[in-house]
Amino acid sequence: MTAIKHALQRDIFTPNDERLLSIVNVCKAGKKKRNCFLCATVTTERPVQVNVVKVKKSDKGDFYKRQTAWALRDLAVVDAKDAVKVCAPFFCLFNDLLRTSFWFQVRVNFLDTGCFKACTHNVLLTKSVPSGENQSVTGGDEEAVDEYQELNAREEQDIEIMMEGCEYAISNAEAFAEKLSRELQVLDGANIQSIMASEKQVNILMKLLDEALKEVDQIELKLSSYEEMLQSVKEQMDQISESNHLIHLSNTNNVKLLSEIEFLVNHMDLAKGHIKALQEGDLTSSRGIEACTNAADALLQCMNVALRPGHDMLHAVKQQQQRFSDLREQFARRLASHLNSVFVQQGHDQSSTLAQHSVELTLPNHHPFHRDLLRYAKLMEWLKNTDYGKYEGLTKNYMDYLSRLYEREIKDFFEVAKIKMTGTTREGKKFATLPRKESAVKQETESLHGSSGKLTGSTSSLNKLSVQSSGNRRSQSSSLLDMGNMSASDLDVADRTKFDKIFEQVLSELEPLCLAEQDFISKFFKLQQHQSTSGTTMNEVEEMDGVALSRSYTSGGPQTISSEKDMIRQMMTKIFRCIEPELNNLIALGDKIDSFNSLYMLVKMSHHVWTAQNVDPASFLSTTLGNVLVTVKRNFDKCISNQMKQMDEVKISKKSKVGILPFVAEFEEFAALAESIFKNAERRGDLDKAYTKLIRAVFVSVEKVANESQKTPRDVVMMENFHHIFATLSRLKISCLEAEKKEAKQKYTDHLQSYVIYSLGQPLEKLNHFFEGVEARVAQGIREEEVSYQLAFNKQELRKVIKEYPGKEVKKGLDNLYKKVDKHLCEEENLLQVVWHSMQDEFIRQYKHFEGLIARCYPGSGITMEFTIQDILDYCSSIAQSH
């Protein structure tokens, strides 16, 4: 119990600022399990308050929870059941209008605690209340507490007044109850006497009720007579009502019948004017076409009217529907026949004007033809909705006629373009203003594999270009040079420029032609270019020259293919089936004339593909140009591969100096041309990839040629060519080749230094050998000041070697060296003065090195060279000026 007391103090009462005085284990009345504690506590704050607290142990754990608390001053009665037992059961009654009882198995010390002794004036011990009565009144459980209802203020006041009138109301409850019973009996007797006194008034009331009942019986008799009188009137009114219902029903039926007749007359009656227009209307004039269009729309409305249930069973309706079907079939046949005639006639008219464009690089304009046919656009829509078979037949006939017409026009157009590119007429004659490209190609080939080793004019053709660029992408690189005073290489560039203009003109003519035809097809055949109708199914697909068209035989009308946009593209593919092959042939011709034309074609074609995709990425024009662009890109890659192959197969002359290699100059030409063409182009990335491949191939080929060179030193070949490459990349400022530019500069510098060091050993050969021996002895461990004691390297030997190189001999040796360097270097790169200045610096560096060795190895000997640094500067300057 002590442990429990400490636990309760710690967990429950300490947080509430209370001190536990004593505890006792209790249970409810009638139960044996003791799961509660009754605790006596006192607060730690003033004023001090003594409380009785009920604490219950949890069923699932060992922790306790506080349930109820009463102030000790509210404890009214403590009823001990047995005066003999020390631990006897007892009941507690608190004065809070809630009668709470407990069965206590209590020790004496709980009732003897200080709190009870201090408050004995608040506690009344009594045995007058029986335990059973107390239990039944109080209940001692939670249900009694829950059923208690608190008295309101008036009830409390009445009870207080009543109890104040009896002094022993609290001390002697039985006497108080007997008194209340007596008073109740007195009141009941008074109440009965009052009732007996009112008998006379009751008799009067009963008499009045009897008279009222008699009046009610008389009223009922009158109502019965009235009901009999109205019965005959009811039968007559029923007959009148039935007659009125029949009249209303007949009227309603007549109104409905009139409404149905008006509906059929208004919606299934075609005006005589419309019938005449459908049968005899003029389909050649604008007024006649308009009348036929209105009549066809009216007929379609009559045929598509939503009939009400039962209308289709009427004989008149069936006759009218048959009449409409005959009119539709007759007019559709007449319309299809007329449009077929228009297609054929227009094809003949267009062919008659084709000769006017035979010598010009332009395509005939089909706008008048489209304008005339667009007058029938609404009739074509009507035909599509009413007779899809004839609509599809017209579509097929239009494609057949137009494909043959466009094929003749486009082939003649491309023939003119080829003539202008090659400079020959249809009879095989040359235009006087155009040079033969094959001769220029032959010149370039001879210069690449010739024996002279020097470049011809064609390999440096772009050195004299005056490039003109335009901000307009459609005309970029259209003019590449000033045509005045053209050399042979300038004629090559002029041919390329002419090809570029012709190719651009071809694409510029084809693009509006295809767009105009596509726009006309969508409007005339009522096909949506930018909307797709998915979810439908084709009942049958008919193949016509590789073009799939949908055909439906359902009576409810045609079903479209999955996308009308695809229908447009299929029609365009059938009509313009010759464009892609002709473009590929033209591209092949341009590539055959000059492989560099692939650069122009790649830029132009990329721009037109980009423009077409911005309009409609899935259009015929975009798809066709995209396919052709693939061919152009392959030709471009082939051009790059051929250049790399030529580099690998290049051969140099064994009898003449190498100089600038042909493929190095050709790379310069290619880069200059490409930069002028690809300025602001969409396919710049392709050029950058080609640059990377070419420059790496150039580096490898230069190394290969330098290693194989016999007439020219390897360092000279590397130095001159990499200097040329570095100058080219610095001038063109190609961003993707910055690393290669740095590498070319490094290779040029390294091989320049190597060549200078190698060549300078010639003029002072014996002196170089002598000092190499001195350095070898020092490297072997001999001290520098002891080298002079070596027999082969004493002071006398040093003086002897120095005397062999007086100033005159040194100048002569330098002059021979200059001549030898001049023979090694080529004139195109103009590096003689650069190399000579580097040799002068290297000679002075070696001179200072020799003087340092003399000072360290021969101290105090007074030996010096017979020429000074100033003499070297004078010798080099005079030699350079003399040559």
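Surface patches are assembled from residues with over 30% relative accessible area and no salt bridge, like charges being joined within 9 Å and nonpolar side chains (Val, Leu, Ile, Met, Phe, Trp, Tyr) within 5 Å. The structure is a predicted model, in which local features need pLDDT of at least 70 and side-chain atom pairs count only at pLDDT 80 or more, while totals for chains, interfaces and linings use all residues. Residues are numbered from 1 along each chain as its sequence is written, and side-chain values use heavy atoms, with hydrogens and water left out.

A nonpolar surface patch of about 370 Å² is formed by Val 202, Leu 205, Met 206 and Leu 209. Met 206 belongs to helix α8 (residues 199-267); helices (H or I, at least four residues) and strands (E, at least two) are DSSP runs, numbered from the N terminus. Met 206 is classed as partly exposed because its relative accessibility is 47%, where buried means under 20% relative accessible area, exposed over 50%, and partly exposed in between (1.4 Å probe, protein chains only).

Burial was also examined for helix α13 (residues 377-386), which is mostly covered, with 7 of its 10 residues buried. The buried residues of α13 are Ala 377, Leu 379, Met 380, Trp 382, Leu 383, Lys 384 and Thr 386.

Side chains of opposite charge can pair when their charged atoms come close. The structure contains 32 salt bridges, a salt bridge being a side-chain nitrogen of Lys or Arg within 4 Å of a carboxyl oxygen of Asp or Glu. One of these joins the side chains of Arg 496 and Asp 594, at 2.5 Å from N to O. This pair links distant parts of the chain, 98 residues apart: Arg 496 lies in helix α16 (residues 488-524), and Asp 594 lies in the loop between α18 (579-593) and α19. Arg 496 is buried, its relative accessible area being 2%, and Asp 594 is buried at 9%.

Other salt bridges lie within a single helix. In helix α28 (residues 832-857), Glu 842 and Arg 845 are 3 residues apart, about one turn of the helix, and the closest N and O atoms of their salt bridge are 2.4 Å apart. Glu 842 is buried at 5% relative accessibility, whereas Arg 845 is partly exposed, with a relative accessible area of 48%. Helix α26 (residues 795-803) holds both Lys 800 and Glu 797, again 3 residues apart, about one turn of the helix. The salt bridge between Lys 800 and Glu 797 has its closest N and O atoms 3.8 Å apart. Lys 800 is partly exposed, with a relative accessible area of 45%, and Glu 797 is partly exposed at 26% relative accessibility.

Two packed helices are described by the angle between their axes and the distance between the axes. Axes are lines fitted to C-alpha atoms, for helices over the stretch in contact, and angles run from 0 to 180 degrees between N-to-C directions. Helix α19 (residues 597-615) packs with helix α21 (residues 662-677) at an angle of about 20 degrees, the axes lying 10 Å apart. This angle makes α19 roughly parallel to α21; angles under 35 degrees count as roughly parallel, over 145 as roughly antiparallel, 65 to 115 as roughly perpendicular and the rest as oblique. The crossing of α19 and α21 is right-handed. A crossing is left-handed if the near helix is turned anticlockwise from the far one by less than a right angle, and right-handed if clockwise.

For helix α22 (residues 684-708) and helix α24 (residues 738-759), the axes come within 11 Å and cross at roughly 15 degrees. Helices α22 and α24 are therefore roughly parallel to each other, and their crossing is left-handed. Helix α22 includes Ala 706, a buried residue with a relative accessible area of 1%. The C-alpha atoms of Ala 706 and Val 717 are separated by 5.5 Å, the two residues being 11 residues apart along the chain.

Backbone geometry was considered for two loop residues. Asp 17 has a positive phi of about 60 degrees although it is not a glycine. Asp 17 is placed in the loop between α1 (2-13) and β1 (18-27) and is partly exposed at 39% relative accessibility. Lys 526, likewise not a glycine, has a positive phi of about 55 degrees. Lys 526 occupies the loop between α16 and β9 (540-544) and is partly exposed at 28% relative accessibility.

Conventions. Accessible areas come from the Shrake-Rupley method with a 1.4 Å probe; for residues, only the protein chains shown count as cover.
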